[in-house]
Amino acid sequence: MGISNLAKLLAERAPSAIKENEMKLYFGRKVAIDASMSIYQFLIAVRQDGNVLTNEAGEVTSHLMGTFYRTIRMIESGLKPIYVFDGKPPEMKSKELSKRTERREEAEAALKKAEEEGNVEEINKFNRRLVKVTKEHNEECKKLLNLMGVPVVSAPCEAEAQCAEIVKAGKAYAIGTEDMDGLTFGSTFLLRHLTASESRKLPIREYSYNKILEELQLNKEEFIDLCILMGCDYCESIKGIGPKKALDLITQYRCIEKIVENIDKSKYPLPENWLYQEARRLFVTPDVTPGDQLDIKFPDVDEEGLVQFMVNEKGFSEDRIRNGAKKLLKAKQGTQQGRLDSFFKAAPSPLQNSKKAKNEKIDSKSALKKVKSGGVTKKTPKKR
């Protein structure tokens with residue numbers, strides 16, 4: 001779930017903290033991607049006749065196809081993905097997981113009814129709701145990514161928290177996820193729509209953590225309390241308090257303790273045994289592997305390994321897999337030649353790149369005018 005309605009609140013109250021960019025503007029950037037979220041998207045999106053894609057043996061392959069082709073698209077754009085996989089969920093998430101189980105049971109019952117009625121639209125809707133990322137899906141994607149030369153990190157607990165730690169340690173530029181709680185964990189930047197289908201033509205939406213705090217006039221502790229009030233995975237929220245009311249209360253009282261002391265509890269009853277302090281602790285000190293202990297490397301592409309796994313074991317077309325492997329090799333070589341100094345390091349921000357490109361374009365036009373008028377020779381733009 002992430003943080004309920006946070007994206008909507010930020011669009012209204014902190015619009016300057018959000019930018020929309022093309023993927024190519026993240027050339028040379030490392031991005032820590034929430035793997036489970038991406039795989040879930042692939043299982044939902046990569047379908048045939050309304051059902052998940054399978055091979056001749058009946059094995060689900062949607063997650064492999066999505067991971068393979070959309071990762072290639074990112075790398076071709078010069079982006080360097082680091083996939084981070086979930087570990088064991090924290091105990092405090094058990095209530096949220098129980099709710100999800102209940103929703104699955106409700107969806108199963110609704111699906112059965114839709115099938116009896118022959119309602120194709122409802123069948124497709126509830127089939128999507130029943131999609132679940134399994135341990136097998138994760139392990140297969142880890143194997144595929146290793147063969148593709150893409151680093152994989154296994155988090156001890158929540159992937160979003162580990163992604164944020166990687167970013168805060170300076171080993172990646174941003175988190176790539178659809179869940180907004182990456183910002184609650186303190187990631188400097190969060191990117192949405194990175195793994196969306198190319199056919200949807202969605203721009204990359206970038207959220208700046210520091211600008212969010214600046215626009216909302218909150219510090220990081222107050223922002224965490226705001227997210228807990230709005231609704232997170234770790235505890236219940238106060239009924240009747242929506243995003244705008246939550247922000248107004250945090251702005252006025254600065255912490256949940258003061259809010260609890262001052263609000264009308266007959267109008268806004270507190271959850272029984274409300275564990276907001278424990279939720280706060282999980283956001284402030286999550287269970288992660290320290291960033292300085294992670295040795296994130298980008299290995300070579302193993303074309304023959306890819307063919308063995310994807311073609312011989314999973315039934316994909318050999319031509320398509322070999323073509324994909326060649327695209328990966330070409331993209332990595334091209335990125336190294338295009339910006340050798342940043343292929344394995346942090347790159348300038350997309351905004352700096354776009355401004356620099358604009359200035360160079362202006363300089364080039366000015367120099368060309370001088371050449372045509374018999375002036376100085378054309379100026380060579382500075383190397384990036």
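**Close-up views of a predicted model**

**View 1. Helix H3 passes helix H6 in a right-handed crossing.** A crossing is right-handed if the near helix is turned clockwise from the far one by less than a right angle, and left-handed if anticlockwise. Helices (H or I, at least four residues) and strands (E, at least two) are DSSP runs numbered from the N terminus. The model is predicted: local features need pLDDT of at least 70 and side-chain atom pairs count only at pLDDT 80 or more, while totals for chains, interfaces and linings use all residues. Residues are numbered from 1 along each chain as its sequence is written, and side-chain values use heavy atoms, with hydrogens and water left out. H3 spans residues 62–76 and H6 residues 135–148; their axes (lines fitted to C-alpha atoms over the stretch in contact, with angles from 0 to 180 degrees between N-to-C directions) come within 10 Å and cross at roughly 30°. On the H3 side, His 63, Leu 64, Thr 67, Phe 68, Thr 71 and Ile 72 are in contact (heavy atoms within 4.5 Å) with His 137, Glu 140, Cys 141, Leu 144, Leu 145 and Met 148 of H6. By class, the residues of this contact are 7 nonpolar, 4 polar and 1 charged. Nonpolar means Ala, Val, Leu, Ile, Met, Phe, Trp, Tyr, Cys and Pro; charged means Asp, Glu, Lys and Arg; the others, Gly among them, are polar.

**View 2. Helices H10 and H13 pack at an angle of about 125°.** H10 covers residues 220–230 and H13 residues 276–284, with the two axes 10 Å apart. The pair is therefore oblique; angles under 35 degrees count as roughly parallel, over 145 as roughly antiparallel, 65 to 115 as roughly perpendicular and the rest as oblique. The crossing of H10 and H13 is right-handed. Ile 224, Asp 225 and Ile 228 of H10 meet Tyr 276, Ala 279, Arg 280, Phe 283 and Val 284 of H13. This contact has 6 nonpolar and 2 charged residues, and no polar ones.

**View 3. Thr 177 sits in the loop between strand S7 and helix H8.** S7 runs over 174–176 and H8 over 181–184. Thr 177 has a relative accessible area of 3% and is therefore buried (under 20%; exposed is over 50% and partly exposed in between, with a 1.4 Å probe and protein chains only). The side chain of Thr 177 makes a polar contact of 3.5 Å with that of Asp 34. Such a contact is a pair of N or O atoms within 3.5 Å; within protein, one must be able to donate a hydrogen and the other to accept it, and residues adjacent in sequence count only if both atoms are side-chain atoms. A polar atom of the Thr 177 side chain also lies 3.2 Å from the backbone nitrogen of Asp 179. Leaving aside residues up to four places away in sequence, Thr 177 touches Asp 34, Met 37, Leu 190, Leu 191 and Arg 192.

**View 4. Asn 5 has a positive phi, near 65°, and is not a glycine.** Asn 5 lies in the segment before helix H1 (6–13). Its relative accessibility is 42%, so Asn 5 counts as partly exposed.

**View 5. Lys 201 has a positive phi of about 50°, although it is not a glycine.** Lys 201 lies in the loop between strand S8 (189–192) and strand S9 (204–208). At 71% relative accessibility, Lys 201 counts as exposed.

**View 6. Helix H14 (residues 303–313) contains buried residues.** These are Glu 303, Gly 305, Leu 306, Val 307, Phe 309, Met 310 and Val 311. Just after H14, Gly 315 takes a positive phi of about 80°.
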